[in-house]
Amino acid sequence: MPGTVMTMSKAINQGLADAMAADDRVLMMGEDVGPLGGVFRVTEGLHARFGGDRVLDTPLGEAGIVGAAIGLAMRGYRPICEIQFDGFVYPAFDQITSQLAKLTNRHEGSARFPVVVRIPFGGHIGAVEHHQESPEAYFAHTAGLRVVSPSTPNDAYWMMRQSIESDDPIVFFEPKGRYWPKGDVDLGAPAADLHASRVVRTGTDATVVAYGPMVSVALAAAEVAATEGTSIEVVDLRSLSPIDYAPVVASAEKTGHVVVASEAPGFVSVMSEVAATVSERAFYSLEAPVLRVASFDAPFPPAKLESIYLPDADRILDAVDRSLAY
Amino acid sequence: MATLHDSEEQPTGARNTVRFLDTEGRFAPTPAAEEFAPRLEGLEDSLLEEFYRDMVVTRRFDIEAGHLQRQGQLGLWVPSHGQEAAQVGSGRAAREQDTIFPSYREHAVARIRGVDLLDVLRLLRGLTHGGWNPAEVGNFRLYTLVIGSQTLHATGYAMGVALDNAPSGDVTKDEAVLVYFGDGATSQGDTNEALVWAASYQTPQVFFLQNNHWAISVPVSRQSRVPLVQRASGFGIPATQVDGNDVLASYAVSAHHLDEARSGRGPRFIEALTYRIGAHTTSDDPTRYRASEELALWESRDPIARYRKYLVGKGASEQFFAGVEEEAADHAADIRKRLLESVTPPTDLMFDHVYSERHPLPPLQKAQLAEFEASFGEAN
Ligand SMILES: Cc1ncc(C[n+]2csc(CCOP(=O)(O)OP(=O)(O)O)c2C)c(N)n1
Ligand SMILES: [Mg+2]
């Protein structure tokens, strides 16, 4: 089927609309998701199309959004919660980690909790404090949750559809800095399993592992490296819990040099986990330690400093050079 | 240096309390009770006797569970002693189609809804985090240990009830949701958000607050400067305070409010004034923080003794009371016996329900554990 060109924002919007049309138990709930269409317009048009009983503008409280979604799931609904910005998920942290994540286990198989928590995350929008964070490690660390993050409009559409269809709770991280670039979306069939990681550029000299907003940065780095004669393979994790290691390990075995890159600060991050696992599974193929590229372990800085805080192609290339020099 | 306010007085006491039975078990409705009196009209004697049986059987079970904990058979016990009337009245007022969200002390309600109380003990013995399937056992949801969390689940569930069906007007069919929480829980954000949500969406639910006057060692005066029942009006939720040690008051007010809620008239709030006669849990020592006079006062208001006097006045026979005692003793003995027979679950329990759908980590780690354990066998 020929692709339709759209932004990631529109692709998620389309995914939500198609899922809501397919199953009237799917609900959208959050702050300003109704007539406004969300502060990023990801829910635009849904309220007009499906009405206020399917697209709920909730009172302003994140614990309430997720806690009520849990009760709705107990009733047989499939709620999608929008957390307005990454830094505002913490009031819901208890409901997500102590309840949503653990309820399946507490019920020992007698109930399912198909709740999707959508979180626009990461930088690149020059916003004030609390609006540009990358809290994914907290959730990936918690057993009982699945955590995913698309990097392209096509993945965004399909991963949203697949997340809504999953019977497990899913935290869906939307790279807000990638909401507006356009890409091909093939509405005919999903490109991959929800939890599959994927090689998005092949190369032979070094592997860069990334996800969400960092994938385009890694691809840009690979482009530059190619002009200098270095061939970089880029793997998009797509899913942070579970992590599909097979393509990552295969790439590591091929290149022997692995750099992992994320916008999240590096200390105790998802990429720390990837680095450890690659070391365990590809030890004899590695010619250098797995190197990490990440934001600094400091709070997200004021907007005028964000371009220095966030890893860019140069920081990735520097790490690749260091790896190749081992 | 200044000090923070630390009130000795209880600003949280009785206000327009609904009570039918005085402490001597005489039928003496307070003015506030009159509105609810029709709910008691025509109640069958068998139901009135059932209230008594519920309270006595639960009290006896509670005592047995305390013994079992002392004997090392339970990791912890959470007594309900003293709160039986609040629980039985409201639990019996709920209709079959209603869904109930407990906190962790509502053993009487659990039993009324058909939970095998052994399953509650399995939780406290460390055999399960759940214990029953709520869809199959009286729509009685699982105990929730994080204070206040369940109030939001109840509200979301009630939103779902409202979305599913408009009230038909038939109270024997329309659904309501009943959620229990404590005085300590009223300070939690979740509880307050649940009240906001419930009012905003006009959910068919009743918030049932058991004010047992203590949150572990902290008195209710630390949680509130006003009677907790007054909080509800700030949320726009009609509320009633009941004498929680009067099973008839708890029943009548709960039945009324549940029917209001199920009929589409929005959420309701009940504050039941009661008292935690025992320790918070078996890990607690209440002599460190509360006065024996206070305990004695509330012991004199014992809900079972009061109701027994009422039933005696109504002509209940000695034989009836003896029969209930025997049933309670048998129930406790049966649970003790079955608890001692219970077996530790297989380690698979840790891995098998982390997710509903396949996720690679739990099966991988389950296999690794099995391999690790098998390696000891090989060494021998
Ligand atoms: C969020 C949270 N904080 C602290 C605790 C520890 N804790 C368990 S019970 C309790 C007191 C609860 O008091 P209340 O709500 O009045 O209920 P009661 O135990 O009196 O029935 C506390 C502090 C907890 N379980 N959850
Ligand atoms: Mg209390």
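Ligand 1 is surrounded by 15 residues, where a residue is near a molecule or strand if one of its heavy atoms lies within 4 Å of it. The closest of these residues are B:Y104, B:R105, B:L145, B:G184 and B:N212. Everything here comes from a predicted model, in which local features need pLDDT of at least 70 and side-chain atom pairs count only at pLDDT 80 or more, while totals for chains, interfaces and linings use all residues. As for bookkeeping, residues are numbered from 1 along each chain as its sequence is written, chains are lettered from A and ligands numbered from 1 in the order in which they are written, and side-chain values use heavy atoms, with hydrogens and water left out.

Back to the ligand and its polar contacts, a polar contact being a pair of N or O atoms within 3.5 Å (within protein, one must be able to donate a hydrogen and the other to accept it, and residues adjacent in sequence count only if both atoms are side-chain atoms). A nitrogen atom of ligand 1 sits 2.8 Å from a polar backbone atom of B:L145. An oxygen atom of the ligand is 2.9 Å from a polar backbone atom of B:A185, and an oxygen atom of ligand 1 lies 3.0 Å from an N or O atom in the side chain of B:D183.

Next come the charged pairs. Side chains of opposite charge can pair when their charged atoms come close. With a salt bridge taken as a side-chain nitrogen of Lys or Arg within 4 Å of a carboxyl oxygen of Asp or Glu, the count over all chains comes to 43. One of them joins B:D259 to B:R39, with the closest N and O atoms 2.7 Å apart. This pair links distant parts of the chain, 220 residues apart: B:D259 belongs to helix α9 (residues 247–265) of chain B, and B:R39 to the segment before α1 (45–70) of chain B. Helices here are DSSP runs (H or I, at least four residues), as are strands (E, at least two), numbered from the N terminus. B:D259 counts as buried because its relative accessibility is 6%, whereas B:R39, at 27%, counts as partly exposed; the cut-offs are under 20% relative accessible area for buried, over 50% for exposed, and in between for partly exposed (1.4 Å probe, protein chains only).

B:D259 also meets B:R95 in a salt bridge, at 2.8 Å from N to O.

B:R92 lies in helix α2 (residues 84–93) of chain B and B:D54 in helix α1 of chain B, so the pair ties together parts that are 38 residues apart in sequence. B:D54 is buried, with a relative accessible area of 0%, while B:R92 is partly exposed at 27% relative accessibility. Salt bridges that share partners join B:E50, B:R53, B:D54, B:R92, B:R111 and B:E327 into one network.

Then there is the interface. In contact terms (heavy atoms within 4.5 Å), 39 residues of chain B meet 46 residues of chain A. The area buried between chain B and chain A is about 3,400 Å², and carbon and sulfur atoms give 54% of it; buried area means the accessible area (1.4 Å probe) that two parts lose on being put together, summed over both. Between chain B and chain A there are three salt bridges, among them B:D164 with A:R25 at 2.8 Å, N to O. The count of residue pairs in polar contact between chain B and chain A, both at pLDDT 80 or more, is 25. On the side of chain B that touches chain A, the elements giving two or more residues are α5 (149–164), α6 (189–201) and α13 (348–352) of chain B. Of these, α5(B) gives the most, with 10 residues.

Finally, a spot in chain A: A:S197 is in the loop between β8 (182–185) and β9 (198–201) of chain A. A:S197 is buried, with a relative accessible area of 7%, and its side chain reaches the backbone oxygen of A:D244 at 2.5 Å.
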